[in-house]
Amino acid sequence: MSQERLNNSILENLPPEVIKPAYDRSEVTTGIVHLGIGAFHRAHQAWYTENRITAGEKDWGIVGASLRSAGVRDQLVPQNGLYSVVEKSNAGTKVQIVGAVSDVYVAPESPQQLLELLAQESVRIVSLTITEKGYCHDPASGNLNPQHPDVVHDLENPKQPKSALGFIVGALQLRKERGLPGFTVLSCDNLPSNGHLLGRVLSQYAEKVDSELATWIADNTTTPATMVDRIVPATTDEDRNELESILGCRDEAAVMAEPFSQWVVEDNFLRGRPEWDKAGAMFVDDVEVYELIKLRLLNGSHSMLAYSGYLAGCETVADVMAEPAFNKLALHFMQTEATTSIDVPADFDIAAYQAQLIERFENRALRHRTWQIAMDGSQKIPQRWLGTLRQQLANDGPIDVVSFALANWIRYVSAVDEQGNEIEVSDPLAAELKALCDQYKSQGARKLAAAFLAFTPVFGDDLRESARLQEKLSDWLQKLETEGTLACARKYFAEI
């Protein structure tokens, strides 16, 4: 194993087939601060920004910030912010070194330093990939959760915030005090109407700080909606070792990605933006229909495959898709339930999009683990499944597959698989969900279904009223209990 890490000094020595930054990195200035600089941001928004810096837009450099741990900083800073985006497909591998990120801050180590960075006048965009739970909101209502521990802490300790909301409002307060303009706050998380949600919780948080500040923020920020799409599985040591054999040096910050990438952005920026459209992004007046298509078809299918596939013993999505029953089920869900819940634009080829999703899920070069996709289900399910479910219930449409998916999720959060082995459930509500399973499982499938549908943090107040849904969900829970997930998929969806 090479002891040398990827860094500025060895760029010119990398193999010729590796794409390298074609600009002087010392000339790049910071225009974007990104909160939550994980793998997805590095393979998506930073990758698009790299294209524009290469084209000469050198005032849009990125400084990243980790709101929790030092892991990404420790990967990137010893490498001068450089990292590889490794595109993997059944056709082969392509490696690009990205230089758009100049530094990474770790918020808990020095929150004041991050506040000062966000308050710099050159920073015109603050972007976020903080996952659903980072918005400190109630997923069912979309409003700020004032009891969230980070919200409580930040309101009491405004100069030592923990949450993204605390940092953004704190920095905007500094800008107001110093007579500086605000900035655009750009959510890049998989949430419906993510810009509207972000604007709402920012406003609600700012009102709790100071109503005059809240008014100023409303006049001096924009929160455009976005739709992001690229499959970016967690990087493994095996991936890093394989990349090392290509580069001849060690890249601890490498990210794996599929070749496909999509970014649809509401064109509502306060102080300019990179020309991301010239890198393949799409600027539109209204993102909503595109995000609905993506959330309900791609993300909805992905989660369905993750929970059912995990319980069926499949480690990766490609493994799940290799089972004909699940492969057919994914397309059936898209065609009969997800797509029919959306008013698809006439000029959008939905059949081609569905076929493209199946092909992407079948990519064996990406080892996208079902366990990783299954994380934080309580935060994702309202966006990925429940919109489809509500629409179908209202129209008396089909709910077979989405109910099957929900039943598998309930089995998953019981934290015990079909063989009696423990499941490591990673979810902010894991304890409450397991307690529901433990309390009601022995009382039968009908009681268990009713208890979950009455769990308002996920399902809101309305779905418990649907006798049809309760019947379908309890039926699937009973079948999963007696027959198992894979057998059910093969038996009950064989004729679709």
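I call a residue buried under 20% relative accessible area, exposed over 50% and partly exposed in between, with a 1.4 Å probe and protein chains only.

**Ground rules.** I am working on a predicted model, where local features need pLDDT of at least 70, side-chain atom pairs count only at pLDDT 80 or more, and totals for chains, interfaces and linings use all residues. I number residues from 1 along each chain as its sequence is written, and side-chain values use heavy atoms, with hydrogens and water left out.

**Overall build.** I took helices (H or I, at least four residues) and strands (E, at least two) as DSSP runs, numbered from the N terminus. The chain comes to 21 helices and 12 strands. Along the principal axes, the C-alpha atoms fill a box of roughly 65 × 55 × 45 Å. I then turned to contacts (heavy atoms within 4.5 Å). Of those with a separation of 6 or more, 79% come from residues 24 or more positions apart.

**Helix α5.** Which residues of α5 are buried? In this helix, residues 149–156, I found D150, V151 and D154 buried. They cover an arc of only 100 degrees around the axis, which puts them on the same side of α5. The arc is that of the directions from the helix axis to the C-beta atoms. P149 and E156 are exposed on the other side. The buried residues of α5 pack against α6 (164–178) and α7 (194–209).

**Aromatic pairs.** I paired rings of Phe, Tyr and Trp (its six-membered ring) if their centres lie within 6.5 Å; planes under 30 degrees apart count as stacked, over 60 as edge-to-face and the rest as tilted. The count comes to 15 aromatic pairs. I picked out F404 and F493, an edge-to-face pair at 5.3 Å centre to centre, with 75 degrees between the planes. This pair links distant parts of the chain: F404 is in helix α16 (residues 400–413), F493 is in the segment after α21 (485–492), and they are 89 residues apart. Both F404 and F493 are buried. I also noted a cluster in which ring pairs link W47, Y48, W263, F269, W276 and F283.

**Charges over rings.** My test was NZ of Lys or CZ of Arg within 6 Å of the ring centre and within 35 degrees of the ring normal. R124 has its charged end over the ring of W60, 3.9 Å from the centre. R42 lies over the face of Y83, at 5.6 Å from the ring centre.

**Salt bridges.** Side chains of opposite charge can pair when their charged atoms come close. I required a side-chain nitrogen of Lys or Arg within 4 Å of a carboxyl oxygen of Asp or Glu. That rule gives 34 salt bridges.

I looked at E116 and R178 and found their closest N and O atoms 2.8 Å apart. E116 lies in helix α4 (residues 111–118) and R178 in helix α6, so the pair ties together parts that are 62 residues apart in sequence. E116 is partly exposed at 31%, and R178 is partly exposed at 42%.

K479 bridges to D475, with the closest N and O atoms 3.1 Å apart. Both lie in helix α20 (residues 467–483), 4 residues apart, or about one helical turn. Is K479 buried or exposed? At 19% relative accessibility, K479 counts as buried. D475 is partly exposed, at 32%.

For D277 and R273, the closest N and O atoms are 3.7 Å apart. D277 is partly exposed at 36%, and R273 is partly exposed at 24%. I also logged a network of salt bridges linking D237, R240, E244, R250 and E252.

**Positive phi.** I checked two residues here. T131 has a positive phi of about 65 degrees although it is not a glycine. T131 lies in the loop between β6 (125–128) and α5, and is partly exposed at 31%. D396 also has a positive phi, near 55 degrees, and is a residue other than glycine. D396 is in the loop between α15 (377–394) and α16. At 62% relative accessible area, D396 is exposed.
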